[in-house]
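Here is a walk through how some chains of this model sit against each other, with a stop at one residue along the way. Have a look at the picture, then read on.

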Number of protein chains: 4
Amino acid sequence: MTNIFSIPYRIRFSDCDPAGIVFYPQYFVMFNDLLEAWVDAILDGGFAGYIGKSRFGMPIVRLEADFVSVSEMGDDVDLELEVQRLGSKSISLEYRCVGKDEDLRMSVQQTLVTTSLDNHKSIEIPPALRSAIEHFLAPTSGEHSGYQGSRA
Amino acid sequence: MTNIFSIPYRIRFSDCDPAGIVFYPQYFVMFNDLLEAWVDAILDGGFAGYIGKSRFGMPIVRLEADFVSVSEMGDDVDLELEVQRLGSKSISLEYRCVGKDEDLRMSVQQTLVTTSLDNHKSIEIPPALRSAIEHFLAPTSGEHSGYQGSRA
Amino acid sequence: MTNIFSIPYRIRFSDCDPAGIVFYPQYFVMFNDLLEAWVDAILDGGFAGYIGKSRFGMPIVRLEADFVSVSEMGDDVDLELEVQRLGSKSISLEYRCVGKDEDLRMSVQQTLVTTSLDNHKSIEIPPALRSAIEHFLAPTSGEHSGYQGSRA
Amino acid sequence: MTNIFSIPYRIRFSDCDPAGIVFYPQYFVMFNDLLEAWVDAILDGGFAGYIGKSRFGMPIVRLEADFVSVSEMGDDVDLELEVQRLGSKSISLEYRCVGKDEDLRMSVQQTLVTTSLDNHKSIEIPPALRSAIEHFLAPTSGEHSGYQGSRA
C-alpha cells in the first residue's frame, strides 16, 4: 500500500447539488486538494512553496473519469491518490473516491506536466519534487503511517 | 453547424486560480451551465422543469478531457456543446472552450445517462427530451439563430 | 435609475444546494461576477486590465447581507449593483437579487478599498477608475441602455 | 473556551483567487463546512441526518462580515465557531478565521433560523438540536477535548 496516499473525507452539504449527491465538478476540487495535501506531505516547503515561491506549475493535460455510484451528503469516504507513472516532464496519477465498504464511487486518471509559472512552458520535473516522489514510491520502512488530514 | 449549441462567455476572476488561469474544475461547472442552457433552449419547461418537476436526472457516467492551452481572466471564449450520440438510455456530448481566434482551449467528451431522481436508476430517455434533441439535431430551416446567453 | 447596473440571470443547478435553493455563498460569487461586468462596462481595459495589468486590487473590508426569500433553480432574477458612496480610498456598493415580480430575494451592502496588488496596501482610488465611476453616476443622456450580459 | 468549536485548516489552492489570497465567498463555504462539522460533533445523526432525514433546514437570515487581513495559499489557520445567542426560532453564531499568531483574518456574525424543508417555513428549534446546543454551551467537564477534523 506504500504507493497510495489516502485521506478520510466526509461529503459536505457544500459538495452536493439539488439531487442531494456530489456535484461532479466538486470531485475534481476534492482531488486537487488531495494532490496538494500529498505534495505537502512529501515535499519540503509543500505545495504552496512549490507553486508560490518556486513559481512552478502542475497543469493538467488530460484526464479520464468514471462515475460508478453516487456519494451523498454525510457519506464517509476515502480519497486516494496513486502514482501511475513518473515521466521526465509529466506525472500520471489515479484518484479514487471509495466508500467505507470499499465500494468505488468514482475514479480519475490524470496526467500532469510540470511548467514554469512565468511562461507556462513545460519543464523537466524539478529535482526536489522528483526526489520526493521517488521517496514516496519507495519509502524506508515505517514511513507513511498515521497521516491524518486536517480539513474541517 | 446546426448540431452545435454555443454561448459566448468571458472568463471571470471567480473562475481563475492563483496562477491567473481557469481553475480546471471550473470548466466542468461552465459546461454544466451550458448543458442547462441548452436544455432550456430546446425543451419545454427547461432544465429546471426536467430535473425539479419531472424528477429526472442526467448523471455522468464517463468523461474524458483534454487541456490544450490556458484561458486567462478576461478572455472572451465560446463554450460549445455538440451531440455525438443519442442512445436509448444515454447521450454522448462534446464540450469545447474555444478562443476568439478559433483556438481550442480544452474539450470534453461526456456520456450522460437518464435516470429517475427518486431511485437514481437508469431509464429510457424520456420522450419529450428525446424529441427535443432530435429536433435540435435536425431543425427546420431558420431556427437556432440569435440565441443569446443571459448570465452576468 | 442611472445609478443602477443590472443583469438578468437565471439561477443554475450549479448555484443550488441539496435544499434546491441557492447555496448562499454562491450569491457572493454572482455579485463578484456582477462587479466585474460593471467594471468591464464602465472602464477602458475592463476588470481584467485593472486587476491583471495595472496590478490594482479591490478587496472587501466589510459586508452586510440580508436574506429575505429563497431563489430556486430555474428562477429568472435581476442582479443589481448600486453605488452608495464614492470615497477617496473606498467604494460602498449595494447588490440586490430581485425576482421578476420585483420581489427582493436578498441584498448586500459592501465596502471595498482600492489597493496595490504588489503589497496589498490601500491606495487612493486610481484616477481612471474614479473618473469611470463618476461618469457612471452622472452619464450623458442616452447611455446605459441596452446592456446585455453574456454568460452561459 | 467551552463555547468555541475550532478546527485547524490549511488554506488551499482551490480557495484562492488570481491575487493569491482567499476568494472571499470561499470563507462562507469554509464556515458552512465548519457549521456542519459542529452539528456532526454535537448532534446524534449529525448534519446530514438533521437536513436530509429530518427535513429541517437552517437558512441564514442575516450576516455581517469584517475582513481584517488576507489569508494566502498554504497558511495554517483556525476556523472557529462561537454561539452568541440561542433564541426560540433562531441561532446567532460568530465565525472567525484566525492565523497561527492569533491574528484575526476575518470574522462573521450570522443569524440562522430553523425551518421545515418541506415548506421553508420557520419552526421552533427542534428539541434534539436545542438540547445538543445547550449541552455544547455547558458541557460536563472533560468533554470537547481532542476534536480533530477530517477533511483533506
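How many residues does the contact take from chain C and from chain B? It takes 28 residues from chain C and 29 residues from chain B, where contact means heavy atoms within 4.5 Å.

Before going further, some ground rules. This is a predicted model, so local features need pLDDT of at least 70 and side-chain atom pairs count only at pLDDT 80 or more, while totals for chains, interfaces and linings use all residues. Residues are numbered from 1 along each chain as its sequence is written, chains are lettered from A and ligands numbered from 1 in the order in which they are written, and side-chain values use heavy atoms, with hydrogens and water left out.

**Chain C against chain B**

Turn chain C by 180°, with a shift of 0.0 Å along the axis, and it can be laid on chain B with an RMSD of 0.0 Å; the superposition is by least squares on the C-alpha atoms of residues with pLDDT of at least 70 in both copies. The same surface serves both copies here, as 100% of the contact residues of chain C recur in chain B.

The rule finds 6 salt bridges across this interface, a salt bridge being a side-chain nitrogen of Lys or Arg within 4 Å of a carboxyl oxygen of Asp or Glu. One of them links Arg10(B) with Asp40(C), whose closest N and O atoms are 2.7 Å apart. Which elements give two or more residues to the side of chain C that touches chain B? They are strand 1 (4-10), helix 1 (25-42) and helix 2 (46-53) of chain C, and helix 1 gives the most, with 7 residues. Helices (H or I, at least four residues) and strands (E, at least two) are DSSP runs, numbered from the N terminus.

**Chain D against chain B**

Chain D can also be laid on chain B, with an RMSD of 0.0 Å, by a turn of 180° and a shift of 0.0 Å along the axis. That is the relation of a two-fold axis. In chain D, the C-alpha nearest the axis belongs to Pro18(D), 2.1 Å from it.

This contact takes 8 residues from chain D and 8 residues from chain B. Phe13(D), Pro18(D) and Phe23(D) supply 68% of the area that chain D buries against chain B, more than any other three residues. The count of salt bridges between chain D and chain B is 0.

Here are the buried areas, meaning the accessible area (1.4 Å probe) that two parts lose on being put together, summed over both.

| Chains | Buried area | Share on carbon and sulfur atoms |
|---|---|---|
| Chain C and chain B | about 2,400 Å² | 55% |
| Chain D and chain B | about 720 Å² | 83% |

**A stop in chain A**

Where is Thr114(A) placed? Look in the loop between strand 6 (104-113) and strand 7 (115-116) of chain A. Is Thr114(A) buried or exposed? Thr114(A) is buried, because its relative accessible area is 1%, and buried means under 20% (1.4 Å probe, protein chains only). The side chain of Thr114(A) reaches the backbone nitrogen of Ile125(A) at 3.5 Å. Leaving aside neighbours within four places in sequence, Thr114(A) is in contact with residues including Tyr50(A), Gly57(A), Lys89(A), Ile125(A) and Leu129(A).

Methods
Buried means under 20% relative accessible area, exposed over 50%, partly exposed in between (1.4 Å probe, protein chains only). A polar contact is a pair of N or O atoms within 3.5 Å; within protein, one must be able to donate a hydrogen and the other to accept it, and residues adjacent in sequence count only if both atoms are side-chain atoms.
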